[in-house]
Amino acid sequence: MSDFYIRTEDISNEDLLGLFVETDRDRQIINALKSQVPTVLVGSRGVGKSFLLKVAAAEQKRDLATTGAFPVYVSFTKSSLVQFSKPEQFQWWMLAKLCNSVFRALAKEGLLIKAPKQLSILAGGNAAGSSSRSQLEEVEEAFELSWRNPDQQIDVSAVPDVDSFREAIEDVCGELKLSRISLFIDEAAHVFLPQQQRSFFTLFRDLRTSFLTCNAAIYPGVTSYGETFQKAHDANFISVERDPLSSDYGRNMREIVERQADSNTQREIAKNGQLFAVLAYAASGNPRLLLKTIINAKTINSTAINEVVRTFYRQEIWAEHSLLAEKYPGHKHLIDWGRRFVEDVVLSDLQKKNSQSLVTDKSTSCFFWVHRDAPMAVKHALQILAYTGVVSEHSLGIKATRAEVGTRYSVNLGCLFALESLPSQTAFAISQALSVKRMTEFGSNHSSYLDLGTNDGTLENSAVNREALMQQLGKDISVLDISGWQKSKLRELELNTVGNVLKATEQDLKKAEYVGNVRARQMRNAAEAAVFEYLSG
């Protein structure tokens with residue numbers, strides 16, 4: 001079996017463009033990334049966000065002499081190691097990181113032989129004539145090693161403010177005859193840390209000038225943008241999803257594999273095209289999942305396909321999801337409930353429908369619909385599943401039975417195929433008959449939500465540092481990001497702390513004046529969303 005690149009960071013810049021399998025959609029995304037309009041790519045892990053960012057940067061670098069736009073790729077992967085005693089320190093780290101990335105990229109391209117004096121701002125001091133590290137490199141490293149000593153005081157006096165950074169970029173572009181600098185920021189918003197996410201998007205918005213374009217890659221569902229950043233105006237948001245229902249899906253996924261495959265693997269794919277297609281559809285548009293399952297299968301035959309689908313999509317992908325509870329213990333209840341809901345309810349229902357459909361020649365489904373007024377905790381659980389790639393948000397504002405409005409989701413096809421006794425015999429037929437119209441519906445008060453609970457104390461009891469969490473739960477509701485009217489109603493009910501709100505039920509909320517069933521659910525959702533975000537960040 002071939003040696004495949006599973007992660008983009010393992011691919012050299014020289015090999016990158018040769019491995020790129022271009023679709024019309026990919027070309028639109030890359031052109032958007034290379035434009036002057038700030039662009040944010042949204043997608044679960046492994047769908048190719050990093051790859052597209054790097055391809056766009058590589059093409060822009062190739063065309064530098066023509067366009068004058070200089071690309072700088074930046075990864076924020078180390079953000080999880082950085083410890084911050086003050087919220088503003090995250091911005092200092094980001095600015096130091098960006099300064100160093102721009103400086104190093106210009107130097108590597110040989111543009112600093114005669115360094116413009118304005119570069120001293122990006123170096124935190126003298127930018128020329130010294131082989132030692134700059135002050136800002138030391139600041140960046142100190143933050144990224146702060147997990148060893150969280151109480152360490154880091155000197156950030158050399159870090160420029162936002163205005164100084166923008167002005168330095170403009171001056172450098174003028175000196176070096178560049179039209180602009182394009183930042184391609186990967187791992188931009190670290191999952192489940194809303195405070196840092198909001199700080200990032202505030203900076204993202206504030207950096208925008210005619211000489212500086214920001215692009216970023218984020219995860220779906222679990223990203224907070226804050227009050228100053230407006231999605232409709234401050235960036236072009238693009239979903240990175242390969243739709244299994246598209247006519248060229250199978251061909252594109254096959255080409256992604258064949259670009260890396262050796263001759264033996266290519267012959268196996270050509271000989272067993274339908275069996276390969278089972279793995280391609282099981283990946284639900286995620287190249288990393290497809291490559292992992294091909295590696296695990298070792299060969300492409302019925303026995304291997306049956307085994308790898310059942311093993312990978314019944315065990316490995318779910319184990320990865322459940323492990324999130326160890327990293328984010330405050331979300332354990334949501335993570336565990338989401339798994340039970342999708343495994344025991346959604347997938348079970350879809351599998352039964354598909355079994356009947358294959359016999360009666362009707363359409364099959366991997367889709368389910370959730371009412372817009374379902375408990376907010378349900379939506380949070382599904383957002384976490386989207387981060388893992390088990391679930392994808394398919395369409396918003398979809399009307400279902402009785403014209404009720406909600407969100408349509410799709411489940412990973414591999415998780416659905418894994419329920420088949422012989423996936424090699426039935427999975428391809430299921431994939432070819434899929435229809436968005438055959439979705440399973442879950443209303444605002446579906447019985448599956450009952451075991452989700454709202455006042456069982458799971459958050460409190462699952463926390464690693466219970467004392468610290470209890471301090472947060474004891475804080476006044478003024479810290480919550482909800483409307484003044486909602487806060488007044490909560491105070492009317494003497495729900496004055498974060499913990500009080502978390503434990504309140506809809507029946508409790510309906511005791512307030514002018515709050516009926518609909519408003520109680522909406523208030524509960526809004527307050528709970530704010531509570532979960534507050535406790536996360």
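## A pair within helix α17

Being four residues apart in helix α17 (residues 332-360), Asp336 and Lys332 are separated by about one helical turn; helices here are DSSP runs of H or I of at least four residues, numbered from the N terminus. This is a predicted model, in which local features need pLDDT of at least 70 and side-chain atom pairs count only at pLDDT 80 or more, while totals for chains, interfaces and linings use all residues. Residues are numbered from 1 along each chain as its sequence is written, and side-chain values use heavy atoms, with hydrogens and water left out.

Asp336 and Lys332 form a salt bridge, their closest N and O atoms lying 2.7 Å apart, where a salt bridge is a side-chain nitrogen of Lys or Arg within 4 Å of a carboxyl oxygen of Asp or Glu. Asp336 is partly exposed, with a relative accessible area of 23%, and Lys332 is also partly exposed, at 37%; buried means under 20%, exposed over 50%, and partly exposed in between, with a 1.4 Å probe and protein chains only.

## Salt bridges across the sequence

By this rule the count comes to 22 salt bridges. One of them joins Lys34 to Glu59, with the closest N and O atoms 2.8 Å apart. Because Lys34 lies in helix α2 (residues 24-34) and Glu59 in helix α3 (residues 49-62), the pair ties together parts that are 25 residues apart in sequence. Glu59 counts as buried, at 5% relative accessibility.

The side chains of Asp476 and Arg491 also meet in a salt bridge, at 2.6 Å from N to O. This pair links distant parts of the chain, 15 residues apart, with Asp476 in the loop between α22 (466-473) and α23 (484-492) and Arg491 in helix α23. Salt bridges that share partners, in turn, join Lys97, Arg104, Glu137, Glu140 and Glu144 into one network.

## A negative surface patch

Asp161, Glu167, Glu170, Asp171 and Glu175 gather in a patch of negative charge on the surface; such patches are made of residues with over 30% relative accessible area and no salt bridge, like charges being joined within 9 Å. Of these residues, Glu170 is found in helix α8 (residues 162-176) and is partly exposed, with a relative accessible area of 40%.

## A buried glutamine

Gln89 has its place in helix α5 (residues 88-108) and is buried, with a relative accessible area of 9%. Leaving aside its neighbours within four places in sequence, Gln89 is in contact with Phe84 and Phe143, contact meaning heavy atoms within 4.5 Å.

Conventions
Patch = residues over 30% accessible without salt bridge, like charges linked within 9 Å, V, L, I, M, F, W, Y side chains within 5 Å. Areas by Shrake-Rupley, 256 points an atom, 1.4 Å probe, with all protein chains shown as cover. Lys, Arg positive; Asp, Glu negative; His and termini not counted. Charge placed at Lys NZ, Arg CZ, Asp CG, Glu CD. Helix = DSSP H or I, 4+ residues; strand = E, 2+ residues; numbered from the N terminus.
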